[in-house]
Each structure stands twice: as structure tokens, then as C-alpha cells.
Amino acid sequence: MAVERDQLLDMYRCMVKIREFENRAHDLFLAGGLPGFLHLYSGQEAVAAGVMATLRPDDLIASTHRGHGHVIAKGGDVRLMLAEILGRATGYCKGKGGSMHIAAIELGILGANGVVGASIPIGVGAALACQYKDGDRVSVTFFGDGASNRGTFHEALNLASIWDLPAVFICENNLYGVGFCQRDHMRPCDVAERAAGYGFPGIVVDGNDAEAVYEATATAVARARAGGGPTMVECKTWRHHGHFVGDQALYRDPAEHAEWLARDPLLLCAKVLASRGWADEGALLAIQDEIRAEIEEAVAFALASPQPALSDLLTDVYSD
Amino acid sequence: MASIITMPKLGLTMKTGTVTHWNAAVGDPVVEGEVVVEVMTEKITYQLESPATGVLLKVLVYEDEEVPVGTLIGVVGQSGEDVSTLLTRDFAAEAAASISGVAPAPADAAAGAGAPAAASPAGQPSPASRVAATPAARKLAAEVGVDITHLSGTGPGGRVTIEDVTRAAEDVYAAPARAAAPGPSAAPAEPERPVREVVPYHGVRRAIGERMVASHGTSPTVTHHVKADVHPLLELVASMNATRPEGERVSVTAAVVKAVALGIEKTPRINSSLHDDRIMVWSEVNVGVAVAVPDGLIVPVVRDVDRLGVVEISRRIKDLAGRAREDTLQPEEVSGGTFTVTSLSGFGSVDWFSPIINPPEAAILGVGRVVDDVVVVDGRVEVRPTMGLSLTFDHRIIDGAPAAEFLAALLDCLAHPERLAE
Amino acid sequence: MAVRNFGQAIADGLILEMERDPDVYIVGEDVATFPAFGVTRACYERFGATRVRDTPVSETAIMGHAVGAAAAGLRPVAEIMFMDFLGIILDELANQAAKMHYMFGGTMKVPLVVRTVSGAGIGAAAQHSQSLEAWVTHTPGLKMIAPSTPADAKGLIAAAVRDDNPVVFMEHKLLYATEGEVPDGEYVLPIGKADIKRAGSDVTIVSWSSMVQKSLAAADLLAADGVAAEVLDLRTLVPLDKDAILESLGRTHRLVIVHEAVKTSGFGAEVAAIVADEGFDLLDAPIKRVTAPDTPVPFSPVLEAAFVPDAAKIRAAVLSLG
């Protein structure tokens, strides 16, 4: 499943959008304009871009606390996302969810999730819905290395396996569960090995290589659509920031951090595009300028958006 | 200071209780904690202890009488103690009032807001805050203007309940005297109409009222009116009194009472009561004689008048009436009547009226004035003293004919009074 | 009308809902082949393994996948075999299902039912006998249903399935064998409406689930005492029919709340607090609660019998009001 020029350019564009979005969110946070926690996706863009490039709009995803990249890559409107993380009434969730709880069911996004590992059974349930409804939709569940130690992970993988669900599990292994290094928090060095324990394939790919992510995921998605059951794709990657904005990640080795920064997924992708003659530096800069303008427009929209009405406090507790 | 005994509330839904037995009679010494009276609910018999050591001064509810919870049934105090103040106070409302502890409110303060606060030292919480009362009772009390600090509750731990307030509230409305009491807080109910006097509707007044309502609402009554030539009767009485000292004179009423006894002898059905599905025609002829007391009426009973002579009847009526006015009648002296005579003759105005039966009796005789009138005697027109007599009878028990028959016998006695003196 | 037992009535309701809506499915441990209380066996026989799905012993996955399935358009009826296992599924229930509609700004619906078995009385001891409705009622976003009769169970399970919110449906294990007249065919009761199971004028006994039956027995005893007790079956704790409670109290002025759950922070405390707040002036006596003591459920039949409120205790509480 080789990646073609337009596909890779789209992935690149997606990664830039995520990066610019996160940079801007970071700025807003540091400027004090953004309430709550902010878990930046910067550094992991190749995973979201590569996975989502394999999906159809009617496929479903279950996201995590570090979910901005997933939403953008699945087609999220950055204006509504920024409004949401600024807590404005125009946001995806009317300002009631915030950064960790952006959902857009119309885009197949079942929601980011504030509880590590909680999205995994939710993604499996969505996979059951896909299977039950007699279509060939798939459900993709994102989680990190940290979540793979949750009971939810194990119970959900088992259920997906015994029911042969069209589920794809994307482990974004950024090597740290908050501040706990993966080589200390679990014994196998690959999370993907755990898939074998539930009787389905686990693949390890370079999570900073969008093409590699795409190819591995495409195989997994095809298998799921065909009724072949679940697959896990473990994407080794790195977050550029701490667990959340404010965490300086002093628990990580600066040398290792530098190595990963040198393998920034955007740089890697730009190199590939250049080496294959698919895009020159000017074209890539043009993409960046275009995205920046879009993000700035979104920031302006969000900042100009009204705060929720106080009466909204009491609405939406129950569905009528 | 005297202590009161009230009908206790012994269950969630208990509304009334019956006095089944007094262990002590009025005047008997009693000891605090000693069982003085036994009361009965639908389910249980309960022994009430004397609240104090002293003498049983008053019995207000007699054996077999059923009264609402909270009703005052007796008073214990010191021999000779004047409890008239207590008794003239509003029984119904203060039935539950504690004599000890919180001082009972003077009648004119109970509805006013001023008294309790004034009694509290400055800066102290008002008594209201210390009274245990349910929220619903507090709310009702505020709505109807009852001061709960003067109620002693019948709920667990003495908590004032809705029922306590309801009882007190009935009294507030029944006793507008409080509203007329001097003081800025005592606003008359209808300020635009000057009130000359407000008479409390309580105590004996209220008891009379309730008895009258009960009687009137229960008995379908008919009243026969007759005119009696009492010339022979007055002559007889005058002759009997000619030789008697002032204090021993025979009254016309006594003669009428004796005539009633003779009439009953001829028409026994007049002397009866209706009890559920049975009409009890009594052997004894116990005639109650209504006695006016200040703002009220008491009916002491002369027992066995059929076996007494007019002189003795007269003596007894006089004794009972005197003691009725002194309020020293014994319970048995105001109960057990089988017929009542009530007289307005002393006022010289009324000839006939329609008295209300004193339940559970079946009939009552109203005696009007004695006035000279033209009568035909043996075919000649004469001016004679006549007396209006009105017999009200319960038509459930007595039909018109026997009532007329009784009156005929009565008139015959009055026309031939020598039989009365036998 | 037909006489059905409580478990049959629930199965009847579920089968009708599954016939009506193909997105309704049943899922849980042994729901198909070997149901712990037998309720869903008839559903399995009627609809087979696709719609009546056995799971491994994985309460977290049962609940968690149900959340995702509901969000993605299905209507799961998940069985948690014992209410005591609520602790295992609490994140999925309370942090995910309950909150998704709100935190996603009303854009997502999570229509699911958690059927779960509560209550003491069969010697199941501390970890299989609890009544944990207050865990549920303390979480906005969840509805809490606790029926006491077969008819109510049928009408309310249908309502629960049709509701677009996560609903916990509590089934007391001692009720399964109880029988009663149940309307035939489609029968749906409104969620959030209490029911006067016995009218009376002297005291309102508020209860739910199996304690309604105990309260009715107490009302019989109280009638002999001359006390006319009204038994108000809340049926639904969330949403709560406050009006029914206050209306009844407006007539009786006395309130006794009966629940099998332990006392402290039980739902009875919530009812009492509401009445103290909104019905203060209606009260003519203190509010009494008749509940289990603040202990785990004991195993010994003697101790268990002492743990569970009974008619005598309810009667005593009523009579203590004076």
C-alpha cells in the first residue's frame, strides 16, 4: 500500500496544521488565556496523520487526553476546536468539555478522554456497533503506552478478539506514561507484543514516519473491514513537550530528547517529499503560511466568541 | 398552685378518650403519682397519675364521658384553694397548657405577641425558640395567631403538633375577648364597629352551646303549648307557705315538678331516652331543673321526684340552685336526669317558648309567666292567674298523642293540686 | 393481564423492545446460556447470540464497550450480575457514560441500560448483597430505577431501553419470584413518576424496590394499630418525583423513609433533605429513616435478617412518631 504524492502532501499538510494549532494553543496557554490542562500533541503528528489517511469519514475513532491531533486529522474544524479549548459557547461542546473532551460524532469522533485507558473499551463498543450494523466500517482506538497497563486495555482487547470486531488499536508509544519510562513500567519492550496474548496481530512501526504509520494501519484497517478482526499498531514516537503544558519533562534524558527532535515527523516528511521531488521548499513554506493564516483566523474566531450563558450550566445533563 | 389533668393522647390517631373510672372523688386527698383516674381509648385502658399532691378539687369529665384529647378532666390542688380563676379560663385552649414550667398566659395575652417577649429578660431568646414544636405546627400557629409558647404539646417529648395548635386555634376564634383586651396589640376583629363587650365563648358557655347544637341537630322536635289555670295551684302553694318561715317556702316550680312526676306516671314514655336501637323507658323520675348562673345554665337533678313530696322537692331545688351558683355541685348532682323543667316565669314576659331538649332526655317542659287572663270556669267568665306551658319532645321517641296525653295529665294535676300535696 | 413473576416481566419487556428496535441488544456475563437469575434466557431463545451476547468475566469491558456502542448508535442492555460489582464499572458508568452528553455539549447520546441485581436475603454475604443505588444517584447524568412489582418492572424496563440516557435498573433478587398482574403487550411507564401503592392519611412511607413490599406489610400491621399509612413507591430515584412526596406529605404530615441500603448517605437522606427544605412546613413529626445499619451485609442468616429492615421495624418507626 504505497503512499502516493497527494496522499503524502495531505499528510504533511495535516501534520503542519496540528503543529501550528498546538503551537498557538501553547502560546495562548502561556499567555494565561486558556483554562485547565493542555496536553500537546506536538511530535506525534505522523501518527494521527498516517492513521487517519487510511480511514473513511464514516469510520469511528476513540481518542485520548492528548487528542487535538486526532480531531484535526479526522477533519475537525480548528475554529470550533480553539473555541472549545478556550471554553467558548461556539466550541464543539459549547465550552463544556474543553481540551480533553472534544467530540464530534458527525465526524466519527467519539471523544477525547480525560481518563487514561478509558477510550479503549469505548472504541471496542464502537467496533461492535460497526459490526452489528452490517457495514464495513471500522473503529480505531488511540491510546498510549501508559494505558496499556490499565485493566480496560486487557479486557477490551480480549472482547474485541473473541467477537472478531473491526477494531484497530493504535498505541502511540511516546515512551513515557506521564513521567514513568516505558522500559520501567512494563516488561516487554513493545506494547504490540501484548496483542499476541489476545490472539491478534501486533505491528511495531516508526511513529514519526507518517508513511510507515499509514502503511501499517492500512493493512490493519483492510483486515478489519474484511472481517478479519482486530490488529494493534504500535507507533514509537515522542512528545516534544511534557505530559502537559507546565511539565518540563525533567525525567527524560536531554540527549534522547535531542535525538527525537532531530527526527521531528514534519522534518522527516518534508525530506521525503523533497527527495522524491513531490514538493520543493517553497511549496512546503506555502503550505505552512496557508495553515498559519487558517489558525490565526481560528484564534480570532475563538477569542471573539461569546462565553457560555450561565443558563448553559444546567442544560445537557440529560438527553430529553 | 393547682395542677390540671387532661385527656392524654395515647396514639397517633387518638382523637377522643373516655373516662372510665375516677379513683378519687372531689375532695379526696391525692398524692403525686397516684392513679386518680382511668381513661380508655379504642384500644387500651390507661391510668393517669395525679400531677401533684393535694386534693382532687374538680372533676370536669365524669365516668363514661368521651371527650377530645387534651380536654381538661380534673384539677388537683390544695384544699380550699380558689381555682375559679383557673376554671374561668379557657378550658378548651388551655387544656394542654402546663401549669408548671411556663406560666400559663393570662387569657388576654394568649393571642397577643407582646406578653412572652416582655416576660423574657432582654437579650434572651424568646420562649418560642425553646418550645418543641413541629414545623407544620409552627406554620399553622403563625397563620392562625396562636402563641405556641403557651401550649404544651401532646407529641413525643411534649412536642407541639398540628392538633395542639388546632385546638388552641379553635379557642382563639371562640374567645374574641382577647382581641378586645386593652392594649395596642388587641385589635378588634371588626374595628369599624364599636364593640361594647366581648363575651368569651368558652367553658360553660361553650359547653352549653355545643350541647344545644348537638341536641338540636339530632332530635326532630315538636313543641306543644298549653295554658294552665293555676288559680288552684297558687292557692295551695300560698296555703302551704302561710305557716312556713321565709327560708322554707315552697316554690311554684317545685309544684310543677311534682305535677310532671304525676304526669309521667300516667304517660311513662315521656321519661325515656334513645340508646342506639333501643328506647329506654326509665323507672326513676329524675327531673332536672335549669338554673341560671352568670352567663350560663346548669341543670342540677332532683332524683326520684315521684317519691318525694312538694316540700322536699322545693327544698332540694333551692339547695341545688344555690350550690350551682356557688359552683359546688357534685358530679352526680348534675347527671342522670330523665326529664327537665326550665322556667322563664320569673321574668314576667314570656308565655310560651320552645325549649331545647337536654340530651339524652326525650322531653323538656318550659314554664312561662303567670299572668291574669280571662278564663271560663264552669260556664262563667272569670279572670284567673294562668301559666303558659310548653312541652318540647323528641318525635323519634314520643309521638304527638302521648305528649298531648301527658300535658292533659299535667293540666289535670294543676287544676286539682291537692293531689300534689299528698 | 397475566400473572407474571418479576423476572418474567422484565424479560417480556425486553423482548418487546428488542422486537421493536433492532439496535437493542443484551450483553453480560452468562446472559445467554446460563443466566444467573434466569431473566434473559427467554431473550436468548428468541433472538440468539448476536443480540444476547455472553461476555467473559470483564465487567469493565461490558460497561466500557456498552458506552462506545451506545455512542455509536446501538442500545445496549448490559447486565452486571451483582450490584456490588458497580465498583468495577464505576469509571465507565460514572466518568464516561454519565458525563458524555454534558461534556460533549449535548451532541452525543449514550442510550444504555445497566440491569443489576441488588439486595440481601439469600445469604450471599457482603460482596453480593448490597443496595448501592446511592452510588448511582450521586452522579448527575445517570437515571436510577428501582421497581417493586412485576408490572412496574415491565413498564420501566421498556422505558429504560427507550430512554436516551444511561439508566441503572436495579432488580432486588428477592423480587424475582414475586408475582403480579402484568399488562399484556407493549407497556411503557414514565420514568420519574412515583406510585401510591397504598393510600393512607396518617403517615407517608416512602420506599422503593423490595422495601415497598416490606412497607406494605408494615402498613397492614399499622392498620391494626389504627394508623392509616400511605405507601409511596418512588420507582425512580433519578429523576425523583418530588411532587408526589410533597403532595403525600401535605396530607399526612409524617414521613418515614425505608430503604435496604445502609443508612449514612443513603438516598433516604436525600429525600429527607428535600423534604426538610421544600416541605418543612408540612411536617408534624421528625422524619424517620428505616434502613440497614452502617455495616457490611453479614453472612449469618440470623445477622442478615437483623440487617434488613422488616415490617416490624417500619411499624415501630411509624408508631414512634406519636
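Okay, let's start with one residue: C:Asp164 is buried, with a relative accessible area of 16%. Buried here means under 20% relative accessible area, exposed is over 50%, and partly exposed lies in between, using a 1.4 Å probe and protein chains only.

Quick housekeeping. This is a predicted model, so local features need pLDDT of at least 70 and side-chain atom pairs count only at pLDDT 80 or more, while totals for chains, interfaces and linings use all residues. Residues are numbered from 1 along each chain as its sequence is written, chains are lettered from A and ligands numbered from 1 in the order in which they are written, and side-chain values use heavy atoms, leaving out hydrogens and water.

Back to our aspartate. Where does C:Asp164 sit? Look in the loop between helix H6 (150–162) and strand S7 (167–172) of chain C. Helices (H or I, at least four residues) and strands (E, at least two) are DSSP runs, numbered from the N terminus.

Which residues does C:Asp164 touch, leaving aside its neighbours within four places in sequence? Within chain C there are C:Arg75, C:Lys109, C:Val110 and C:Pro111, and from chain A come A:Ser319 and A:Asp320. Contact means heavy atoms within 4.5 Å. Two of these are also side-chain polar contacts: C:Arg75 at 2.5 Å, and C:Lys109 at 3.4 Å. A polar contact is a pair of N or O atoms within 3.5 Å; within protein, one must be able to donate a hydrogen and the other to accept it, and residues adjacent in sequence count only if both atoms are side-chain atoms.

So much for one residue; now the interface. Here, 42 residues of chain A are in contact with 46 residues of chain C. A:Tyr132, A:Tyr318 and A:Ser319 supply 22% of the area that chain A buries against chain C, more than any other three residues. The whole buried area is about 3300 Å², with 63% given by carbon and sulfur atoms. That is the accessible area (1.4 Å probe) that two parts lose on being put together, summed over both.

How many salt bridges cross between chain A and chain C? The rule finds one, and it pairs the side chains of C:Asp23 and A:Lys133 at 2.8 Å, N to O. The rule wants a side-chain nitrogen of Lys or Arg within 4 Å of a carboxyl oxygen of Asp or Glu.

Last, chain C itself: it has eleven helices and 14 strands, and buried residues make up 62% of its 322 residues.
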